[in-house]
Amino acid sequence: MVAPTEPAASGTTDVVLEAVGLTKHFPVRRRAAELLSRRRRAVRAVDDVDLVLRRGRVTAMVGESGSGKSTVARLLSQLVHQTAGRITLHDEVVDARRGRRFRAHCRRVQLVFQDPFASLNPIHTVRYHLTRALRIHHRDGDLTQGLHDLLTRVSLTPPEQFLAKYPHELSGGQRQRVAIARALAAGPEVLLADEPVSMLDVSIRLGVLNLLRDLRDRLHLAILYITHDIASARYFADEVLVMYAGQVVEGGDGEAVTQRAAHPYTRLLIASAPDPDRIAGEQTEDAAQAGGEPPSLIDPPAGCRFHPRCPHAMARCSTEAPPSFAVGDNGSGHWAACWLYAGAGS
Amino acid sequence: MSGEPVLDIRGLSVDYGLGDAAVHAVRDVSLTLHRGEVLGLAGESGSGKSTLAYGMLRLLPPPGVVRSGQVFYHPGDDEPVELMSLSAKRLRRFRWAEVAIVFQGAMNSLNPVHTVATQLTDVIAAHEPRTTPAARRARAVELLTLVGINADRLGSFPHQLSGGMRQRVMIAMALALEPRVVVMDEPTTALDVVMQRQILAKLVELRERIGFSVLFITHDLSLLVEFSDRIAIMYGGRIVEDAPAGQLYRDSLHPYSDGLLHSFPALRGPRRELTGIPGSPPDLRAMPSGCAFHPRCPKAFDPCAERTPTLLAPDGREDQNRTVACWLHTADRAMT
Amino acid sequence: ACGSGESGEPGNAAGVLNVGMPNGPQTENHNPFLPSSAGASLGYRWMIYEPLVMTSQIKPAEEGKPWLATEWTWSDNYRALELTIRDGVTWADGKPMTAADVAYTYTLLKDTPALNINAIPFATIAAEGNKVNVTFEKSQFVNQVDILSTIVVPEHLWSQMTDPATDTVATPIGTGPYELKTFTPQTVTLTRRSEYWQDLPEVKELRYTSYNDNNAQTTALANGSSEWAFTFISNYETVYVNKDPEHHKLWFPATLAVHGLFLNTEHKPFDDPALRRAMSKVIDRGDVFEQAEAGYFYPEITSVTGIPTPAGESFIADEFADTEHEVDVEGAKQELTSAGYRYDGDTLLDKAGEPVKITLSNPAGWSDYITTLEIIKDNLSEIGIAATVDKANADAWTTNVDTGQFEGAMHWTNSGATPFDIYQSVMDGALYKPVGTAGVNGNWGRYRNPEATAALETYANAETDEARTEAMHELQRIFVEEQPVLITGAANAGAEYSTKNWVGWPSEEAQYAPPQPTLLNSLDVVLHLRPAA
Amino acid sequence: MSYLLRRIGFYAFTAWAAITINFFLPRAIPGDPVQSLIARAQGQLSTDAIQSLYILFGLDDEQSLVSQYFEYWGQLLSGDLGLSFTFFPSPVSDVIADSLPWTLALVGFTTVISFLLGTALGVVAGWWRGTWADLLMPVTTFLSSIPYFWLGLIAITLFADQGGAFPSSGGYDPGVVPGWDLDFIGSAIHHSLLPAITILITSMSGWVLSMRNMMLTVAAEDYITVAHAKGLSQRRVMVSYAARNALLPNVSAFALSLGLIVGGTLLVEIVFSYPGIGFQLFSAVGAKDYPLIQGIFLIITLSVLVANLVADLVYLLLDPRTRKEG
Amino acid sequence: MALPTSEVLTVPAPARRRRRSGLLANGKAVTGLVILGFLTVFAVIGPWIAPYDPGERGDDLLVGPNAQHWFGTTHLGQDILSQILDGTRSVMLVGIVAGLVATVLAIVFGVSSGYFGGTGGEGLSALSNVFLVIPALPLILIITLSLPETNDLTIALVIGFTSWAWGARVLRAQTLSLRRRDYVEAARATGESTWRILGFEILPNLTAVIAASFVSTVIFAVLSEITLAFIGVPGVSEWNWGAILFWAQSQQALAQGAWWWFVPAGLAIALLGTGLALVNFGIDEYVNPRLRGGHQRVRGVRMRVGFTPVLPEEAR
Ligand SMILES: Nc1ncnc2c1ncn2[C@@H]1O[C@H](COP(=O)(O)OP(=O)(O)OP(=O)(O)O)[C@@H](O)[C@H]1O
Ligand SMILES: Nc1ncnc2c1ncn2[C@@H]1O[C@H](COP(=O)(O)OP(=O)(O)OP(=O)(O)O)[C@@H](O)[C@H]1O
Ligand SMILES: [Mg+2]
Ligand SMILES: [Mg+2]
């Protein structure tokens, strides 16, 4: 058994943001029949997730819709508060619900939303959005210069031309760049990018991804890249985490996870992804056997949450939740939470 | 693959609005869907894919108007029907019985206040008024089973179903009258990949069993390459390339198709070089002159900015059953 | 079942008379003593219950007609009354009406302050044979009408009630010629009894309909569905009379009560009689009568004494008999200048050199009063007084008048058998309460004059007619001299009626009773009605 | 279920708040019932009557407002609304029982008709946009801007006064006795026609406009296009797909509008001299008849709440999305 | 009463430039604004251009329209045209003041109850529901009567304080949907304070809804004010149109055949109401483009949902 927080082989990176046992349960409104009973039901959106973001590294988080990816991002940015678990920023425990502490936190951890069409207020100009971000974080010493720098950094040049524009006057890619610029205005160390390109056209996605990669390289940001497109995770991330039903089920080096997927769910995911190189009609074993619906997060299956859909499910899977087991060659940091690998690592 | 045509679009132009204010969303598009074929229609957002699909069925909401063009439906043994000149009454009888359509968002395509059963039987009642309610219900059960949904879901309302189930209900509904053509407008974009594959697998299976043709619209080119027989690429309201899927994937001719294919990362194999397409999509209100793609085209040359290329078989490959609208490949004939 | 007002179906064929009042929907309440009952509001209580004596407000000087009492005698000091009760009168349930019932009625009033609306200070009440003897705590000269016109109720039924003051008397049993047939919130129907101590009236059925307001009542009168009603009609000629000039009649005789502009005499400079006299001189009572009161509603008072005529004719002192009120702007100005007032251009300045201004206030909804104020405002401007009309909130206004916080306001006076009530309401120092204190029952203008107070006292308690007459003349002199209130018109006891189906109505020519359908005399009127030929 | 529970809690709160406001507000009006009775009589009641009236109404002993308030709740809970001053000593419940049926019959009925008719017209206007149906718009806009007392009075002048076909006042002919017979019902209907038509004309427009708007909004929904694509008949798409969905927002608006309408009846009843509860309320306010004002407010508030509850239930039936998740 | 646009689906918020021209490009809104402008001019200069003192008694009693008195006279010979002109100001003023007060309250209650949610939000929403349930006109009537002194301003305040609930409801619904928008979340993630988010991110996006709610309240306020004056509630200034109708009614003008006393005021009210309603339509259409006319009929082309027209040859 390998602690998933063990530094990667490269070893040159230092941990910026770390979450241990991160859990978020959203209370569900009780039904009349339950008013008398003690039990309070909850959507267990995120359950015991461990996560490490390192300086200058991109960590991708993939998983199907509703598996709790956005919730993780919102927890890390303190927009919502964890039910349990601990978040540390440079080894300091973060507890910033509102006010100055919250501001201090968001100065260092910034969130970029999925939908650039919705995350910019349609009534404000680019200048307003960026100025506010700079002001709030007291980086408005030389405002004009600051604005120019930001826009240049996200390749919106010449900057003057974009400052006066309203969001609807920009294309989707340009908007997402503005959103990223706004996040950068705080001078963060961590960028949480929640599906930053899923709403963008194929031909402009790449530009935004390349921009993020560039920021990682030049500003040494720690980036959490959330997506459900596992191919782009492979392309872009140093490390990949796979989420299923509120839990991280597999993690490790990007190439390892995508090419030598261990967890049956990851395999299903990869088999399901459209792949032009696959000959039509050819079906991988996993994809063919995959059936059923994603589980309810209110009443998740006992044991391994994937077991009702898993082609390799064993008796043990439905009773005991699997811990993480190292897979592949040691040192790649590749692990999976699956009983299939119970013997492999430890 | 290419049998006789079922749906033949000739020079279709569709506008939003009238007169000077009109936006020309689809411009002089010709496209043929053959019997039993899956024809993929790709292109980025706003390129006019949906407009083309709805326009040919005359389902565009105001202010959409069909400016010109014809759409022939070949029922096989009978005379072809021209959709643009059909009366409202005949059009209503034609729809769904011959061409069914699955819309982009299933949540929005299902009426939230009626049960699945009502919406399924509705369509049977409208086209086969003589069937008994019991027979309709039986058919509805049959259809749901076909797409892998338990019959006890008949009484559910749309909001009680998951996204994937809703989409499958829509597919079941589309097959209710055993149409010869099913149009699918991004049927899976809102779903995650696992569900997407499940549904497409189902579709492939059903097509083999029932034998209808599919017009499949999406901007996910990798999906199309895997699933369709032939692919047409749209840009700026026009079809810029139309070729068998494999050929297009391996050997795209139009620089835009090429760019698209180099915009998404591959999941397997060596990490491909990703170039993407610089620039941003054109504004339909102020379309560039000549080839609409020329401002973004790395290979643009003299004629591109001046003259609009027509969709023709590429030079030297007239036998390959493919067409492209690009001066690079059709220069010879068009220029002369 | 449609209204008998429709042409072709004469009302008298069915013997129906349609009476109307603009009082809104009613609830079933036939208690004759309660002013809140439907019987009082619509007036039908007088058809079921009868008074001891039929007194008339328009002929207050005449002795009333004997009714349930055949004779009555007052002691000289008006502290004792002996009544002789009529024989042969039966209640509608067949029981005879006796002196004991009368005594019971008086006792009921005495013991139940809630029902003793006129606050009569009964002392002793005794019945003996067909006589009833009543004594009072003090002289009842000015209350004699109220005492004599008391309704008599049957002891055998009323003594059974737990609380007569809160009983709605579901089945009203009286001695009158009618009994209740049906009640609906909109219409009360009475039918004629089979027996009555006089000749039975010709009207077989009476329908009292309550309309929601004057407009609805007017419409009903105009189209004939109401044949008898009491309501204000502006421009009655066009709206009412001309719809059927032959039959649509009205007669609005004056009673002994007046309407006038009360001036707050504690408010400078209106404490100056000279100013008030001058103001009175310019009030155009004719305009008020014609424009605010539609030329009929509140009869014009011509006498300078403010006593309505002909009702009060006999009370007017000889010295004022021929002096009529006349608009006299020049006279008024002279009066003012000789009293030390000056003019600054057109503006009147008081003795202190301040411009004379007055705010006239009345509730906004009382359109005739407001119109009157508009006219007065106009009149006053002729002698340089700037008036403003304040359309007040009715409740606030009532409070303000009660506590004396106003400058000028149109108000009414009480009515009575003599002009005493008028003068009492206008200048009785005994009713005075300082400004700011509520609960005045008259003298809203806070007028104080010991002579007037004394004269009123004398009038109410004098033992001789001479003393009374002297006091009355004194009061008139004071009034003319002091003008504490600027009289505009008299109150009335009139009605609109139609002669289409029924004739025999009281009128200018046949003044046997005031025609108003809610007064006790309405019974007398019904007894006079005959089917039209 | 929990939806309903929350609604009920909300209703209880609203009822309490409204009743409390109803108790305190009328008492803030200056003056008292006796003074206003005297004032309305303008000299027909002698001022000596004041004292006897105070005694009669039981207003002669002072009580603090707070203890009156608790006493009022005590009375209310035992179902007693007190005695009206205007019609002393009739119980408030009798006064209300006499007038409420009229209001319910006239205004309730016309409100429902107006809603149904207006909605139907709105459906037509929305569906057939771009045709003659567009002419409805300017007409309804204008009609909805006219104060309806004004229209009512004009209607009376034109159709009732000058020997017109309609009676101008009252709920039924004077000679008729209320009861379940043809005479009465015929007469009642005859009397209600003119006010009913006036209310219809002015209140319908609101429904026409909002329904039309909703139809236009709904017509652009995907499921309408799908319905067309399914080849359903025009009528079926219009009724079962478009109108059915467009109706939903109007249903809750309708429930709330019942409150506005009950307030508005006041004028209809004044203008048409209709024996309903609005007129009673109006005169009760003038007479400072606290028990009656409170009683009527209570009835109105309760009926609006009940109407809302019913509308909630109807909404629950109409919109499956609000139902408990299955 | 016009129903508030409770179902405004999306609030488009295009650039200012389009915003201005957007509303002004709407025929209905422009017609409405022209009517309102016209009435506003009269509200300002009405008393000065009135040919007579509206309260002044004349010698021509109750005469119909003629050269001296265009709208005829009252039973006291007052000039009705002058009364109408004089009354415009009070009608407009009360409408606008009441509309402003109600709108501010609606914003405070609606937006905060929508944004904060929780018990406080529910409480505020319940409070506005209480005001929805109590019948407005009787409530206004009673409050007006209980005030020691009433004038145009107090009446406007009473109307304003009692009629905000509809607006609050609509605004609450809108705020609830805006609150979940990404840009609100994003502003929070940037570190904006709650008040700044309310004031600068949410409120501006509600402008159209607020404007619509303002206009509806003005309509309601004007009608209430006129109704109050008509049933004789004092304090509404002297020649308010409702007061003119009150006098006409109490003098039985219609029964006397004096239609000129009755008709102009009624039409003036209807004109004002129509103007406001048109502006409201304009706003509605602006907010929800689906309502927009946009249906030019070009040579027989009829736009119809479900059957896209095919342009005839000559129309191309
Ligand atoms: N505020 C909330 N209240 C209740 N449940 C919530 C809330 N936010 C999220 N959830 C639930 O938590 C689960 C995880 O949601 P989340 O948005 O994190 O998923 P995701 O992986 O980001 O999905 P997607 O790919 O669709 O964005 C979902 O079932 C969702 O319904
Ligand atoms: N009502 C309208 N008025 C004006 N232009 C419109 C209207 N509807 C669509 N368009 C324009 O028509 C063009 C084609 O739209 P269409 O929906 O067909 O694109 P699409 O290829 O289906 O895009 P997507 O992949 O986003 O679905 C777009 O550029 C759009 O801006
Ligand atoms: Mg997400
Ligand atoms: Mg599309």
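This is a predicted model: local features need pLDDT of at least 70, side-chain atom pairs count only at pLDDT 80 or more; totals for chains, interfaces and linings use all residues.
Local features need pLDDT of at least 70 and side-chain atom pairs pLDDT 80 or more, while totals for chains, interfaces and linings use all residues. Residues are numbered from 1 along each chain as its sequence is written, chains are lettered from A in the order written, and side-chain values use heavy atoms, without hydrogens and water.

**Exercise 1.** Describe what chain E and chain D bury between them.

*Solution.* Start with area: the pair buries about 5100 Å² (accessible area, 1.4 Å probe, lost on being put together, summed over both parts). Carbon and sulfur atoms make up 76% of that. Next, look for salt bridges (a Lys or Arg side-chain nitrogen within 4 Å of an Asp or Glu carboxyl oxygen): the count here is 0.

**Exercise 2.** Work out how chain D meets chain B.

*Solution.* First, the residues: 24 from chain D are in contact with 24 from chain B. Then the area: about 2200 Å² gets buried, with 59% from carbon and sulfur atoms.

Now the charges. You'll find 1 salt bridge across this interface. D:Arg236 pairs with B:Asp122, and their closest N and O atoms sit 2.5 Å apart.

Finally, sort the side of chain D that touches chain B: it has 8 nonpolar, 8 polar and 8 charged residues. Here Ala, Val, Leu, Ile, Met, Phe, Trp, Tyr, Cys and Pro count as nonpolar, Asp, Glu, Lys and Arg as charged, and the others, Gly among them, as polar.

Technical notes
Buried area is the accessible area (1.4 Å probe) that two parts lose on being put together, summed over both. Contact means heavy atoms within 4.5 Å.
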